[in-house]
Amino acid sequence: MDPTTDNAAPTGDPAAARAALEALRAEIAKAVVGQDPAVTGLVVALLCRGHVLLEGVPGVAKTLLIRSLAAALELDTKRVQFTPDLMPSDVTGSLVYDARTAEFSFQPGPVFTNLLLADEINRTPPKTQSSLLEAMEERQVTVDGTPRALPDPFLVAATQNPVEYEGTYPLPEAQLDRFLLKLTIPLPSRQDEIDVLTRHAQGFDPRDLRAAGVRPVATAADLAAARNAVAATTVSPEITAYVVDICRATRESPSLTLGVSPRGATALLATARAWAWLTGRDYVIPDDVKALALPTLRHRMQLRPEAEMEGVTADSVINAVLSHVPVPR
C-alpha cells in the first residue's frame with residue numbers, strides 16, 4: 001500500500017469525478033489562455049501519480065498554469081526557484097536546533113506540498129537535482145535516517161528553458177526517466193495572444209486568481225475516486241503487446257543511442273489508461289496509446305549526434321515508429 005494514502009478507502013462516484021476533472025479545463029481557462037493540452041497532461045499525471053517536465057520559453061504562463069491547477073483542485077502548491085547555489089536542504093528541509101529544548105526538530109522544506117513547481121530545474125547542480133529523486137520515486141524524504149511521508153496527492157512540475165543553456169546542468173537520463181510526461185508549452189497563437197493582452201487591459205492580475213474567477217471545481221476525493229476508476233480500466237493483451245512493440249522499436253532506431261526502457265513502456269500503458277478513462281471509456285484502444293506516446297516517451301530516448309545535426313528530433317522518431325508498428329485490430 002502507498003504509505004502516503006489515507007487509511008480510509010477513497011469513495012466517490014467515478015462519473016462525477018470525471019465530470020469534475022473535465023471542468024478543470026474551463027476553470028483554468030479563466031486564467032490561462034490556450035493551454036488545454038498541458039492541462040490535460042497535468043491531470044493525466046495526477047491520475048497516474050506521476051510527475052511532469054514542462055519545457056517552454058519564459059513568459060508562456062508555466063507558473064500561472066500550476067497555480068491555477070492547484071486553485072481549481074483546492075490543493076496546496078509551492079514554488080522553488082532553482083539556482084546554482086540552491087542546497088538540497090533548501091528543497092527537502094533540515095534539522096534545526098531549538099535552544100529552548102536543546103533538541104533538533106525537523107523543519108519541512110517546500111517539497112512538503114501537493115503541487116511543487118521546480119522552476120528552471122536545470123539551473124541547479126546535480127546534487128540538488130538529485131534531492132528530488134527520493135521524493136519523486138518514493139514519495140518521502142529521508143533526513144538524518146528518518147523517512148517522512150509526503151502529502152497525497154504529490155506532483156512535481158519541473159520547468160526548463162529550451163533555448164538558453166549557458167550556466168545550466170542538463171538533467172541526467174536517470175532523472176529524466178523519473179518524469180512521467182514531458183510537456184512542451186508553445187508560444188500562443190495570434191488570437192490567443194490578443195486574448196491575453198485584452199484580459200490584462202481589463203485588469204487581470206495573475207497574482208489574484210480568485211479575482212479572475214478561478215474556483216475549486218474538483219477535490220482530492222474526486223482525484224482518489226478517479227484513480228480507482230483508472231486502475232479498473234481494461235487493457236487487452238493486444239494493447240499491452242502494442243505498447244511493448246512501440247518501445248522495442250525505439251531501441252532499434254538508427255537515429256538513437258538510447259531507446260525507451262521498460263519503465264517507459266509501463267508509463268505509456270499507465271497514461272493511455274488514464275486518457276481512455278478521461279475520454280469516457282473503461283477500456284484502452286490503440287488511439288489512446290498514440291495520443292500519449294509523444295509526451296510520455298520523448299524524454300526517454302537519446303539521439304545520435306549525427307541525427308541531431310540532420311534535424312532529427314525525438315518526436316519525429318516516435319512518429320516514425322508509430323507509423324511502422326502494426327496496430328492491433
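Here is a short walk through this predicted model, one selection at a time.

**The main core.** Start with Leu21, Leu47, Trp277, Val289 and Leu297. The largest nonpolar core has 71 residues, and these five touch the most other members. Now keep Leu21 and show what surrounds it: leaving aside residues up to four places away in sequence, Leu21 touches Val43, Leu47, Leu73, Ala218, Ala226, Trp277 and Leu278. Then pick Leu53, Phe82, Leu86 and Val143, which are among the 23 residues of another core, lying apart from the largest one.

**Helix α3.** Select residues 62-73 next. This helix has 12 residues and reaches 17 Å from first C-alpha to last, close to the expected 16 Å. How many of the 12 residues of α3 are buried? Nine are, so the rest of the structure largely encloses the helix. To see them, colour Lys62, Leu64, Leu65, Ile66, Ser68, Leu69, Ala70, Ala72 and Leu73. Step just past the helix and you land on Glu74, with a positive phi of about 55°.

**Helix α8.** Jump to residues 190-201, another stretch of 12 residues; α8 reaches 16 Å from its first C-alpha to its last, close to the 16 Å expected. Just after α8, look at Gly203, whose phi is positive too, at about 105°.

Finish with Leu95, Tyr97 and Phe104, which make a nonpolar surface patch of about 320 Å². Tyr97 sits in strand β3, residues 93-98. Is Tyr97 buried or partly exposed? Its relative accessible area is 46%, so Tyr97 counts as partly exposed.

Definitions and conventions:
Residues numbered from 1 in each chain as written. Predicted model: local features only at pLDDT ≥ 70, side-chain atom pairs only at ≥ 80, totals over all residues. Heavy atoms only, no water. Core = buried A, V, L, I, M, F, W, Y, C linked by side-chain atoms within 4.5 Å. Buried < 20%, exposed > 50% of the residue type's maximum accessible area, 1.4 Å probe, protein only. Contact = heavy atoms within 4.5 Å. Patch = residues over 30% accessible without salt bridge, like charges linked within 9 Å, V, L, I, M, F, W, Y side chains within 5 Å. Areas by Shrake-Rupley, 256 points an atom, 1.4 Å probe, with all protein chains shown as cover. Salt bridge = Lys/Arg side-chain N within 4 Å of Asp/Glu carboxyl O. Helix = DSSP H or I, 4+ residues; strand = E, 2+ residues; numbered from the N terminus. Expected span 1.5 Å × (residues − 1).
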